[in-house]
Structure formats: C-alpha cells, structure tokens
Amino acid sequence: MGKYMKHSLPIVITLLLAWFLLRNGIQWSDLRSILDQAQWRWLAFALLSTVCAYGTVTWLNAILLQRYSTSVPYGKQFLIQLAMAFIETVVPSAAISGILLRVRLLKPYGVSADVATATTLVETTLLSASLILPALLVSCVVLIEGIQGFGMLNHWLLFMIGTATLIGIAIWQWKTVAF
C-alpha cells in the first residue's frame with residue numbers, strides 16, 4: 001500500500017494542479033508580456049550570488065573539515081551543498097534532519113558521523129550569526145538615527161565600525177576556540 005501511495009500521490013497532486021490551471025485558463029498574452037518586460041540581468045545576478053553563497057559555504061565546510069584531518073574535494077562538496085539545499089527545499093521535513101542528511105552524503109568520503117554532526121552544528125551557528133549580527137547592527141543604526149538624527153556620514157561610519165568590530169571578533173574567536 002505504501003509503495004503505491006509513494007508513486008501515485010505525486011501523480012494525483014500533479015493532475016489536480018494541472019486541472020486547476022486549465023480550468024481557469026492560461027492567459028498566454030499575459031505570460032508573453034511578462035517575459036518580454038522581464039529584466040533578465042537580475043536573474044543572472046541572483047544566480048551569480050547563489051553560486052557565490054554556496055561556494056562560500058563550501059569553503060567554510062572545507063575549513064571545518066580540516067580541523068578534523070578530513071577533506072572532501074571542493075567540487076564534490078559543492079555538489080553536496082546543492083543536493084542538501086535542493087532536498088531541504090523539496091522536502092521541508094528533511095531540513096529538520098539536516099544532520100542525518102549531511103552524515104549520509106559525507107560518509108562515502110570517509111567523514112565520520114560525529115565529524116559531520118559537529119561541522120553541521122558549527123556551520124549552522126556561524127551562518128545564523130552572520131545573518132543575525134548584521135541585522136542587529138542595522139537595527140541599532142536605524143534606532144540611533146531615528147532617535148538622534150545622525151547625518152549620512154555618521155551613519156556609514158557607524159556601520160563600518162560595527163562591521164569591522166564584528167569581523168574582528170569573528171576572526172579572534174576563530175583563532176582562539178578549538179573545535
């Protein structure tokens with residue numbers, strides 16, 4: 001029963017979605033005008049920034065794996081990052097079990113389960129901090145500017161000092177904390 005549900009349920013959902021789409025009718029002229037008016041350079045920019053982001057995360061994982069005397073080729077690790085992102089997007093429950101997914105994908109390269117778990121937790125912590133800290137900094141700048149009326153020069157000066165401080169703290173912590 002479960003085998004049939006696994007294969008037939010996606011087909012049923014696809015047929016239902018196609019029926020809803022065809023029932024309302026497809027406005028081909030609207031689609032053509034949207035494609036004609038699209039600014040495709042933004043798509044190229046989004047793809048380039050995505051490749052850079054995954055490249056950076058791959059580089060971070062390579063650094064983390066070096067601490068444990070393990071290495072995975074950069075290209076293979078980049079593909080592992082893409083596979084994890086795709087799986088976590090398509091199957092949201094897989095995002096919860098990201099550690100198990102990483103363990104399974106890194107196992108063929110000789111990475112043990114504890115190393116994959118540790119690197120996943122450190123990566124998640126560093127990525128969360130890299131998103132939260134700049135957001136907090138910008139929030140503080142907005143609050144200060146709203147309260148005290150800082151000029152534009154002071155705004156950027158405060159932003160640069162805060163960013164340099166956060167980067168300095170991150171580098172200092174990276175050199176002092178043993179994983």
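Predicted model: local features only at pLDDT ≥ 70, side-chain atom pairs only at ≥ 80, totals over all residues.
Trainee: Where is threonine 58 placed?

Mentor: Threonine 58 lies in helix 3, which spans residues 40–66.

Trainee: Is threonine 58 buried or exposed, and why?

Mentor: Threonine 58 counts as buried because its relative accessibility is 0%, and buried means under 20%.

Trainee: What lies 2.7 Å from a polar atom of its side chain, that is, the side chain of threonine 58?

Mentor: That atom is the backbone oxygen of tyrosine 54.

Trainee: Which residues does threonine 58 touch, leaving out those up to four places away in sequence?

Mentor: Threonine 58 is in contact with Tyr74, Gln77, Phe78 and Gln81.

Trainee: Let us change topic. Where is serine 69?

Mentor: Serine 69 sits in the loop between helix 3 and helix 4, the latter covering residues 74–90.

Trainee: Is serine 69 buried or exposed, and why?

Mentor: Serine 69 is exposed because its relative accessible area is 71%, and exposed means over 50%.

Trainee: What about phi of serine 69?

Mentor: Phi of serine 69 is near 55°, which is a positive value in a residue other than glycine.

Trainee: Now to a glycine. Which helix holds glycine 162?

Mentor: Glycine 162 belongs to helix 8, which runs over residues 152–176.

Trainee: Is glycine 162 buried or exposed, and why?

Mentor: Glycine 162 is buried because its relative accessible area of 13% falls under the 20% limit.

Trainee: How many residues apart along the chain are glycine 162 and leucine 137, and what separates their C-alpha atoms?

Mentor: Glycine 162 and leucine 137 are 25 residues apart along the chain, and 6.9 Å separates their C-alpha atoms.

Technical notes
Residues numbered from 1 in each chain as written. Heavy atoms only, no water. Helix = DSSP H or I, 4+ residues; strand = E, 2+ residues; numbered from the N terminus. Buried < 20%, exposed > 50% of the residue type's maximum accessible area, 1.4 Å probe, protein only. Polar contact = N/O pair within 3.5 Å; in protein donor to acceptor, adjacent residues only side chain to side chain. Contact = heavy atoms within 4.5 Å.
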